[in-house]
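Q: Could you take me through the salt bridges in this one, slowly? I'd like to know which residues pair up and where they sit.

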Amino acid sequence: MPRLRSAYERLSLPILVVFLFYNRRIQPSYRMSWPRKFKLALRMLRNTRRVDTGTSYRAHLAMAVKLLEIPPTTKGVVVECGCWLGGSTANLSLICDIVGRRLVVYDSFEGLPAADPNDKYASPLGEGVFKGDLDLVKANVSRYGVVQCCEFRKGWFKETLPAHREPIVLCFLDVDYQSSLHECVVNLWPHVTQRGHVFIDEYTRLDYCALFFSERFWKEQFDTATPGLMGAGTGIGVGQYFLGPSKGRPLIQAPTSVAYTRKDFYGLWDYTPVGDS
């Protein structure tokens, strides 16, 4: 099954590129000719073969398209929280180089933190898992990406994220634990630009995604309505077949896409049938 998935990703690449990049919202100033689009996709695919990543190159291309839609006059950095071995970092650095933006990478570089007893997804057995030493991450990004675009900020999220000050046009959160997601959203959301994007990869867990629909959380933290989350449960449609739920899924399906929201999205569940008072 892994071989079939791998073959599918390679063979469907041309269709994926057309599907994602036939997009009039892409800014002409980035000069993304079709040869450049295909070259970017192929390089991202190869990078995910060379460095283990938790997300598909398809997910990285989806983020690339969103960055290409943002005018170069819009100020802001790209932020990645949780980089593991640097595979996704390398791919994000490629698109950051094209659009002329800095990639700020937050990670402990010590693996997952100690379990929070109030976090249902945290486990005492998980401490230190997904560790990627900073020197190793830098080496991978230097070899397969554009390390000159990157700034690495080492430490636990609760210690480093409160000091963030730059506007953010796109944020990728691959942080596993609910407590870590909370830290990221609370500290980074105020810096996301009006049409800036926030991507996550833990979209298969509906209760994990509930943060983006919690009226109480968004009212108390930001005095605003919920933004919702596109792709909650099954991921956004970039040809990455996953019907969910994750438990008991067919082995040929790989839940390696992403879900996303945007600063100006409105996801409040205030539906009232026509005629009801």
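A: Here is a walk through some of the charged pairs, one at a time. Keep in mind that this is a predicted model. The structure holds 13 salt bridges, and we'll look at a few of them.

Let's start with Glu166 and Arg102, whose side chains meet in a salt bridge at 3.3 Å, N to O. The two are 64 residues apart: Glu166 is in the loop between helix 7 (157-160) and strand 4 (168-173), while Arg102 is in the loop between helix 5 (87-99) and strand 2 (103-107). Glu166 counts as buried because its relative accessibility is 18%, under the 20% cut-off. Arg102, at 32%, counts as partly exposed.

Next up, Asp207 and Lys120 form a salt bridge at 2.7 Å, N to O. Asp207 lies in helix 9 (residues 206-209) and Lys120 in the loop between strand 2 and helix 6 (134-144), so this pair ties together parts 87 residues apart in sequence. Lys120 counts as exposed at 58% relative accessibility, and Asp207 as partly exposed at 33%.

Finally, check out Arg195 and Asp264, which meet in a salt bridge at 3.4 Å, N to O. Arg195 is in strand 5 (residues 192-200) and Asp264 in the segment after strand 6, 69 residues apart. Asp264 is partly exposed, with a relative accessible area of 30%.

How values were computed. Residues are numbered from 1 along each chain as its sequence is written. This is a predicted model: local features need pLDDT of at least 70, side-chain atom pairs count only at pLDDT 80 or more; totals for chains, interfaces and linings use all residues. Side-chain values use heavy atoms; hydrogens and water are left out. A salt bridge is a side-chain nitrogen of Lys or Arg within 4 Å of a carboxyl oxygen of Asp or Glu. Helices (H or I, at least four residues) and strands (E, at least two) are DSSP runs, numbered from the N terminus. Buried means under 20% relative accessible area, exposed over 50%, partly exposed in between (1.4 Å probe, protein chains only).
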